[in-house]
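I opened this entry to record what I looked up, beginning with the overall form of one chain and going on to its partner.

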There are 2 protein chains.
Amino acid sequence: MAKDFPTRSENYSQWYNDLVIKADLAESSAVRGCMVIKPYGYAIWEKIQSALDKMFKDTGHSNAYFPIFIPKSFFSREASHVEGFAKECAVVTHYRLKASPDGKGVVVDETARLDEELIVRPTSETIIWDTYRNWIKSYRDLPILINQWANVVRWEMRTRLFLRTTEFLWQEGHTAHSTRDEAVHEAETMLNVYADFAENWMAIPVIKGTKSPAERFAGAVETYAIEALMQDGKALQAGTSHFLGENFAKAFDVKFLNRENQLEYVWATSWGVSTRLMGALVMSHSDDNGLVLPPKLAPIQVAIVPVFKTKEQLDLISEKVIPLKKALELKGISVKYDDRDTHKPGWKFSEYEFKGVPVRITIGPRDIEQGTVEVARRDTLEKEVFQMTDIENKVINLLDQIQKNLYNKALDMRENNSHRVDDWEEFKRVLDSTGGFIYAHWDGTTETEEKIKEETKATIRVIPLDNPPEAGKCIYSGKPSSQRVIFARAY
Amino acid sequence: MAKDFPTRSENYSQWYNDLVIKADLAESSAVRGCMVIKPYGYAIWEKIQSALDKMFKDTGHSNAYFPIFIPKSFFSREASHVEGFAKECAVVTHYRLKASPDGKGVVVDETARLDEELIVRPTSETIIWDTYRNWIKSYRDLPILINQWANVVRWEMRTRLFLRTTEFLWQEGHTAHSTRDEAVHEAETMLNVYADFAENWMAIPVIKGTKSPAERFAGAVETYAIEALMQDGKALQAGTSHFLGENFAKAFDVKFLNRENQLEYVWATSWGVSTRLMGALVMSHSDDNGLVLPPKLAPIQVAIVPVFKTKEQLDLISEKVIPLKKALELKGISVKYDDRDTHKPGWKFSEYEFKGVPVRITIGPRDIEQGTVEVARRDTLEKEVFQMTDIENKVINLLDQIQKNLYNKALDMRENNSHRVDDWEEFKRVLDSTGGFIYAHWDGTTETEEKIKEETKATIRVIPLDNPPEAGKCIYSGKPSSQRVIFARAY
């Protein structure tokens with residue numbers, strides 16, 4: 001297990017890339033922009049999926065599955081939607097290969113050309129609303145509360161593992177409602193679910209807000225987002241929930257008979273998080289020694305390393321460890337007992353540290369005599385000697401402390417990197433030095449937002465929900481503003 | 001909830017299609033050959049996934065994720081593999097759309113043509129073995145035991161919901177081993193996992209065996225399969241496990257240093273089951289009244305229907321039902337208490353019967369007085385009055401009985417439709433009358449197998465494992481044969 005990778009301060013971007021690869025989370029594949037998610041990385045994604053899936057079901061949603069292909073013509077139905085996605089679509093044009101005339105390999109069979117090209121879904125609003133049309137006749141058929149776990153493809157020119165890949169995994173919720181209020185409520189509910197998940201599972205504090213019109217989802221009336229701050233002072237959008245109004249219902253002619261027996265268009269939402277969350281997770285907590293994982297999402301929560309010279313010593317240690325492992329597992333803790341004799345304890349210590357295992361327990365012959373174990377926590381790298389008595393509960397408490405500590409550390413980092421700025425030069429100076437969230441006044445126009453982006457690469461991340469009204473002048477145009485919004489450079 | 005669909009004896013094929021649609025399992029989509037899996041159908045698939053996933057992990061496998069796209073050239077590397085899949089490949093040729101010159105909709109941007117076309121994976125051996133090459137250096141890196149849950153695309157000309165669709169969901173295991181024996185053992189282990197799952201979860205008896213060379217997976221040295229018999233006397237292959245030899249290691253140059261420090265090719269297996277299992281599930285147990293689901297895979301295991309006229313009556317009933325529901329849920333049973341006043345009890349009875357809910361509990365004012373409930377089981381349609389005392393355990397026992405009964409019924413059906421046939425005319429007669437599994441002698445040649453298929457549409461389903469040797473004459477050619485194999489017409 002080699003650790004030759006740069007520190008965060010040397011090269012944050014390289015630190016991230018190297019860490020993702022060396023910690024066996026993911027790697028680039030032979031297909032441009034597509035990644036291979038390796039077992040250790042995928043195990044974290046499974047924990048994310050499982051927690052979110054339960055939250056979706058607890059809020060009344062069911063899973064379903066819609067086709068990966070979307071007929072090209074579907075895209076044109078919603079004008080801003082097609083504009084948003086047309087430039088990054090993988091297009092299927094043929095359905096057969098044949099032997100190459102030169103006998104070497106295969107070529108596309110030109111006689112097997114599709115009448116209408118199919119798009120590999122970049123998101124599924126169009127195919128889903130085409131389907132909902134047949135499912136919805138009356139108010140009795142509403143609401144429809146469906147989620148889909150799926151892969152999607154967006155042809156990105158610059159890709160980075162997890163953060164921006166051509167293919168990624170995600171979930172996309174698509175709901176249909178009889179009233180505007182109910183749809184808005186749904187979009188807000190799911191934003192809250194995402195925020196709850198980010199904070200309580202990923203230990204990442206997030207700011208909930210709405211996007212400016214320029215940053216809205218293609219086809220949305222309102223886009224809600226949760227925004228997190230990474231250790232390098234750049235923002236990362238960690239989840240979005242869209243109130244789609246009647247846009248897709250109109251595009252796909254989805255109407256229902258209301259209680260008064262009148263036909264109305266159906267109201268819609270969609271919401272999603274993706275494997276991008278894996279990038280947020282790595283960048284929020286990890287350090288120059290490797291990954292740091294919050295206990296609730298760590299595939300291995302406790303690693304137990306025996307220190308022994310002889311088989312007899314190992315047997316004595318195992319006699320203590322095996323019941324301890326079982327006791328922890330009974331409490332729902334995932335434990336790895338690494339009794340391999342092919343690797344030295346020191347090697348194992350570095351390995352589990354590098355892989356971000358929250359708690360490491362070391363036990364040697366002396367511990368056996370004294371009824372103790374050494375417990376190391378990954379977040380602070382502190383070690384402590386624990387009596388074996390009631391060790392399960394001590395470990396559970398420690399995992400809980402680590403989860404909270406990671407959240408608090410990330411929150412402190414964010415607070416220390418949040419700035420109220422009222423002056424344009426200061427705005428640029430902060431961006432170029434520490435970065436972070438900049439709370440500044442904005443005149444509310446897309447024109448100003450675009451100019452700020454051109455000059456500084458900073459964008460409006462969110463207009464926080466429940467933002468206090470505050471009279472001021474736009475940081476850029478000097479025009480009147482009624483509230484501060486959050487600017488940052490972003491992933 | 002309409003039930004206007006044909007009986008099995010009237011039109012088995014139509015009965016199946018109608019049932020899948022009317023029971024809200026799946027429907028056809030706007031994309032040719034691709035299905036929409038609806039929430040009720042997907043909930044069954046989730047139960048299948050969850051049970052299998054645990055079995056894979058218990059046998060040492062981890063999940064990972066590989067790209068959906070495969071470079072076209074990868075296919076040509078393994079000769080029989082490309083031959084098997086080239087004719088049914090969806091091909092991505094472009095990565096961008098643009099506004100149509102006539103201003104109506106979008107067209108493919110011809111300037112965004114890929115240098116090398118990408119295939120939407122029909123199966124992932126090629127991309128995975130290209131990846132494994134970088135993961136495997138020495139025997140210490142082996143075995144690799146990975147599974148992937150994914151969607152795949154095979155351009156089928158004739159499609160049927162679940163049984164044969166252009167896109168389907170599946171899992172594909174891909175393992176790498178240092179010895180031939182270990183790989184063969186793995187392929188057999190996974191066949192046993194599939195058989196165990198089919199019999200103990202799906203309540204479908206299966207025959208384990210190997211495929212004849214003509215029916216082998218494209219690229220395999222040996223294909224193992226589990227084969228089930230449907231109610232109409234046709235066979236359905238419910239899962240396959242392949243010993244791939246060194247074929248993919250050679251095609252992708254994957255070698256390892258063995259303990260003697262010599263380079264060797266790596267041995268491989270792959271194994272998969274798909275949403276096709278949903279079709280097998282429907283066809284194995286359902287009847288002319290609708291779906292019949294084995295309790296272990298039913299999304300709703302118990303439906304409770306109150307019979308009431310007044311709000312007061314409903315309140316009294318709910319007072320009993322709510323604790324009962326909780327008590328059952330604590331035991332892991334999924335319960336739906338349907339207290340809607342918008343539908344009559346009779347409507348609800350038909351609904352749950354049609355949807356295959358294993359147990360229905362009815363409770364009315366009289367039951368409240370007498371401390372009883374009426375319990376109806378879906379498999380036999382029998383009803384019985386139970387005292388409320390210890391009702392949870394009675395229900396659990398009943399679910400267990402239903403699970404076993406479904407298996408036994410399916411086994412009886414198979415036994416009654418298994419025939420030992422030694423005469424060619426009889427062979428054809430059986431196929432055209434009852435169908436079923438025909439145990440017959442075969443001379444072992446692909447030529448004979450193909451002629452039998454041409455004349456009768458019957459294929460060799462499996463050569464059963466542990467087949468007793470038996471001298472005989474080939475049913476078709478009259479040449480000597482050492483064992484019987486199983487012929488059938490198949491899905």
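The C-alpha atoms of chain A, taken along the principal axes, fill a box of roughly 80 × 70 × 55 Å.

Since this is a predicted model, I then looked up the confidence scores. Chain A averages a pLDDT of 96, with 99% of the residues at 70 or above, and the model has an ipTM of 0.97 and a pTM of 0.97.

Next I turned to how chain A is built. I found 14 helices and 27 strands in chain A, and a division into domain 1 (12-285), domain 2 (302-398) and domain 3 (418-488). For domain 1 and domain 2 of chain A I noted the separation of their centres, which is 41 Å over C-alpha atoms.

I also checked burial and contacts within the chain. Buried residues account for 48% of the 491 residues in chain A; of the contacts in chain A between residues at least 6 apart in sequence, 67% join residues at least 24 apart.

Last, I looked at the partner chain. I recorded 51 residues of chain A in contact with 51 residues of chain B, and on the side of chain A that touches chain B I listed 32 nonpolar, 10 polar and nine charged residues. Strand β5 (residues 91-94) of chain A pairs in the antiparallel sense with strand β5 (residues 91-94) of chain B, over three bridges, and here V91(A) stands opposite H94(B) in β5(B).

Key. Residues numbered from 1 in each chain as written. Chains lettered and ligands numbered in written order. Predicted model: local features only at pLDDT ≥ 70, side-chain atom pairs only at ≥ 80, totals over all residues. pLDDT = per-residue confidence, 0-100. Domains from an automatic or database assignment. Helix = DSSP H or I, 4+ residues; strand = E, 2+ residues; numbered from the N terminus. Buried ≥ 20, exposed ≤ 12 C-beta atoms within 10 Å, placed from the backbone. Contact = placed C-beta atoms within 7 Å. Nonpolar A, V, L, I, M, F, W, Y, C, P; charged D, E, K, R; others polar. Pairing = 2+ DSSP bridges.
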